[in-house]
Amino acid sequence: MRTVAALRARVREWRAAGRSVALVPTMGALHAGHLALVAAGFARADRVVASVFVNPKQFGPNEDFSRYPRREAEDAAALAGAGCNLLFAPAPEDVYPAGFATGVHVAGLTADLDGAHRPGHFDGVTTVVSKLLNQAQADFAMFGEKDYQQLLTVRRMAADLDIATQIVGVPTVREADGLALSSRNAYLSADERARAALFPKTLIAARDAVRAGTAVEAALAEAEAALRAAGLVPDYVALRDAETLEPVRSLERPARILSAVRLGSTRLIDNLAVETA
Ligand SMILES: Nc1ncnc2c1ncn2[C@@H]1O[C@H](COP(=O)(O)OP(=O)(O)OP(=O)(O)O)[C@@H](O)[C@H]1O
Ligand SMILES: CC(C)(CO)[C@@H](O)C(=O)[O-]
Ligand code: BAL
């Protein structure tokens with residue numbers, strides 16, 4: 001479906017028949033991580049709607065908006081194969097018609113980490129996600145933990161704006177060598193792809209070091225050095241409170257190691273839970 005009116009009419013029919021609905025927002029170029037969100041949607045709801053929209057507002061001027069992969073026919077087939085009930089794929093001019101003037105900003109959670117390295121990115125995300133949540137009127141909306149700062153930011157936004165849809169986080173799906181599935185992995189050359197496996201391995205080593213009592217700053221510095229040595233240029237490697245994303249120095253509360261690296265012209269993100277001692 002292309003229009004909000006068609007989407008809403010279908011969701012209204014389902015609700016009138018007593019069916020619950022889950023929304024899976026994506027930017028397309030679907031992989032098994034996205035399909036895990038669809039499966040998680042079906043674990044909670046009777047019907048699953050996926051959206052595919054490459055949102056121009058969340059890309060910076062020097063980012064990959066124009067080269068971001070667009071494969072609508074393959075995406076539709078993959079969603080059908082996963083049993084997804086409806087694909088909502090609106091046109092940019094319908095999402096942002098002439099005169100569009102509203103933005104949604106979540107303070108605090110977005111100030112640092114990816115927010116600091118991608119100015120305006122999270123405003124673009126929360127603006128389009130608030131539209132999608134209003135449009136779909138779903139009971140649940142599924143977001144991957146791979147984009148952990150995004151998940152927390154969307155959850156904060158939904159709570160603050162009294163959006164009734166429950167925001168659900170879904171664990172990261174990984175390749176056999178540990179690399180998190182991401183549409184951007186397709187940008188990697190064979191050599192870069194081989195080196196990319198060091199990204200999750202380095203975060204695991206840092207997590208284990210912190211768990212074993214290594215000082216947080218030393219463990220993070222060692223991880224940065226290991227990434228650099230492999231040609232993965234870190235934007236940040238950080239240990240943060242798992243709910244507030246504030247810096248932590250000890251494991252009194254659940255924490256998360258979060259990182260973004262650049263590998264040639266590709267930027268990858270990942271994160272891991274670090275349990276309390
Ligand atoms: N490996 C993964 N495991 C679980 N969820 C994922 C994974 N990759 C993406 N997702 C989730 O899928 C949703 C849509 O993400 P998106 O379409 O941006 O895909 P992506 O693979 O993360 O692409 P990108 O390369 O742009 O980061 C988001 O909620 C995201 O967190
Ligand atoms: C949530 C989202 C679909 C909003 O454009 C995007 O940020 C993504 O794919 O994670
Ligand atoms: N992280 C999800 C989408 C994006 O990188 O713009």
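Trainee: So helices are DSSP runs of H or I with at least four residues, strands are E runs of at least two, and both are numbered from the N terminus. How many helices and strands does the protein have?

Mentor: There are 10 helices and eight strands. Keep in mind that this is a predicted model.

Trainee: Got it. Which of those elements gives the most to the shell around ligand 1?

Mentor: That's α2, with four residues.

Trainee: And how many residues surround ligand 1 overall, and which are the closest?

Mentor: The shell has 18 residues, and the closest are G33, G144, L181, S183 and R184. The elements giving two or more residues to the shell are α2 (32–44) and β4 (140–144).

Trainee: Okay, ligand 2. Which residues are around that one?

Mentor: You'll find P25, T26, M27, N55, Q58, V125, V128, V129, D147 and Q150 there. Two or more residues come from each of β1 (21–26) and α6 (121–136), and α6 gives the most, with three.

Trainee: And how do the residues around ligand 2 divide by class?

Mentor: Five are nonpolar, four are polar and one is charged.

Trainee: Switching topic: where do the domains run?

Mentor: The domain assignment puts domain 1 at 4–170 and domain 2 at 183–271. Over C-alpha atoms, the centres of the two are separated by 26 Å.

Trainee: How many residues of each domain are in contact with the other?

Mentor: On the domain 1 side 14 residues are in contact with 12 residues of domain 2. Two or more of the domain 1 residues come from each of α5 (114–117) and α7 (148–160), with α7 giving the most, three residues.

Trainee: What classes are on that side of domain 1?

Mentor: Seven nonpolar, three polar and four charged residues.

Trainee: Last bit, the overall shape. Why would you say the radius of gyration agrees with a compact globule?

Mentor: Because a compact globule of 277 residues would have a radius of gyration near 19 Å, and the protein has 19 Å. Along the principal axes, the C-alpha atoms fill a box of roughly 55 × 40 × 40 Å.

Trainee: What share of the residues is buried?

Mentor: Buried residues make up 39% of the 277. As for contacts with a separation of 6 or more, 68% are between residues 24 or more positions apart.

Note on methods
Residues are numbered from 1 along each chain as its sequence is written. Chains are lettered from A and ligands numbered from 1 in the order in which they are written. This is a predicted model: local features need pLDDT of at least 70, side-chain atom pairs count only at pLDDT 80 or more; totals for chains, interfaces and linings use all residues. The radius of gyration is taken over C-alpha atoms; the globule rule is 2.2 Å times the number of residues to the power 0.38. A residue is buried if 20 or more other C-beta atoms lie within 10 Å of its own, exposed if 12 or fewer, and partly exposed in between; C-beta atoms are placed from the backbone. Two residues are in contact if their C-beta atoms, placed from the backbone, lie within 7 Å. A residue is near a molecule or strand if its C-beta atom, placed from the backbone, lies within 6 Å of it. Domain bounds come from an automatic or database domain assignment. Ala, Val, Leu, Ile, Met, Phe, Trp, Tyr, Cys and Pro count as nonpolar, Asp, Glu, Lys and Arg as charged, and the others, Gly among them, as polar.
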